[in-house]
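Work through these exercises on a ligand site. Keep the structure open as you go.

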Amino acid sequence: MKGVALVTGGSRGIGAATAKLLARQGYAVGVNYRLRAESAARVVGEIEQSGGRALAVQADVSIETEVVRLFDEIEQRLGPVTHLVNNAGALFTQSRLVDMDLERFNRVMLANTTSCFLCCREAARRMQPGGAIVNLSSIAAQLGAPFEYVDYAAAKGAVNSLTKGLAKELAAEGIRVNAVSPGLIYTDIHADGGEPGRVDRLGPTLPMQRGGTAEEVANAIAWLLSDQASYVTGAILEVAGGR
Ligand code: NAP
């Protein structure tokens, strides 16, 4: 076995694709989810059917006690987490910043930034040399996402800074920390933003003239986790079709 990978928000989209890929590569995979128990169970079922090892664990990763319980449960049932993918994230209906209320802003920070901080800290406390962390950022951090979700862009900007800083803190301990920064990827997150067809609308305007798939992002995540990226830390890898 390659190690124990924890994928937060592994019930759908990029997280589900990553969990399945890592299982195919030989990791035992903790598939975390918050609400969608059936979807997480489906991901685990698919992994097990193909001969892999996986476990679905419910936890809201923006809550400190739940993160500690999540790591404890994975450790007891699969073994200590050796590889972490901070994939859980959320955005809300497209809006101008001037119309956003504080409650929404705080929820976005909790879902995208606090969750990343809490899971990174827990991993940093427990991981042994050879461990690796990949955080899910977004190209929105550079673009600012005006008129759509500036709150989300700011939350992902914080993820970039956290990635850089933690990478430097943990480098001498033999733990690598990187981020993947996807562009327009076909998942259900865009429906949560109020525009299910967003990738089809904007994909043709990109240099590569199309949106990306969850599997294409999963490939980049898996590479950064792997020993093939052994000299890579503090990197923010754009997977955005040239955007
Ligand atoms: P998605 O389809 O909406 O899936 C998000 C996942 O995160 C779900 O499994 C959800 O679980 C989980 N989640 C949300 N909040 C959580 C919490 N507090 N605790 C635990 N799990 C939580 O999103 P996606 O498009 O695959 O995106 C995955 C990551 O990539 C996110 O960080 C996103 O910001 C980033 N990203 C996506 C795109 C894109 O175009 N799709 C572009 C740039 C960056 P439940 O369903 O069980 O709640």
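**Exercise 1.** Find which helices and strands each supply at least two residues of the shell around the ligand.

Solution. Take the elements in order: α1 (13–24), β2 (28–33), α6 (150–170) and α7 (189–192) each supply at least two shell residues. Helices (H or I, at least four residues) and strands (E, at least two) are DSSP runs, numbered from the N terminus. The model is predicted: local features need pLDDT of at least 70, side-chain atom pairs pLDDT 80 or more, while totals for chains, interfaces and linings use all residues. Residues are numbered from 1 along each chain as its sequence is written, and side-chain values use heavy atoms, without hydrogens and water.

**Exercise 2.** State how many residues surround the ligand and which are the closest.

Solution. Count residues with a heavy atom within 4 Å of the ligand. There are 28. The closest are S11, R12, R36, Y152 and T187.

**Exercise 3.** Give the distances from the side chains of R12, Y152 and K156 to ligand oxygen atoms.

- R12: 2.7 Å.
- Y152: 2.5 Å.
- K156: 2.9 Å.

**Exercise 4.** Where in the chain is confidence lowest, and where highest?

Solution. The lowest mean is 94, in α7. The highest is 99, in strand β5 (residues 132–136). The chain mean is 98.

Notes
Near = heavy atom within 4 Å. Polar contact = N/O pair within 3.5 Å; in protein donor to acceptor, adjacent residues only side chain to side chain. pLDDT = per-residue confidence, 0-100.
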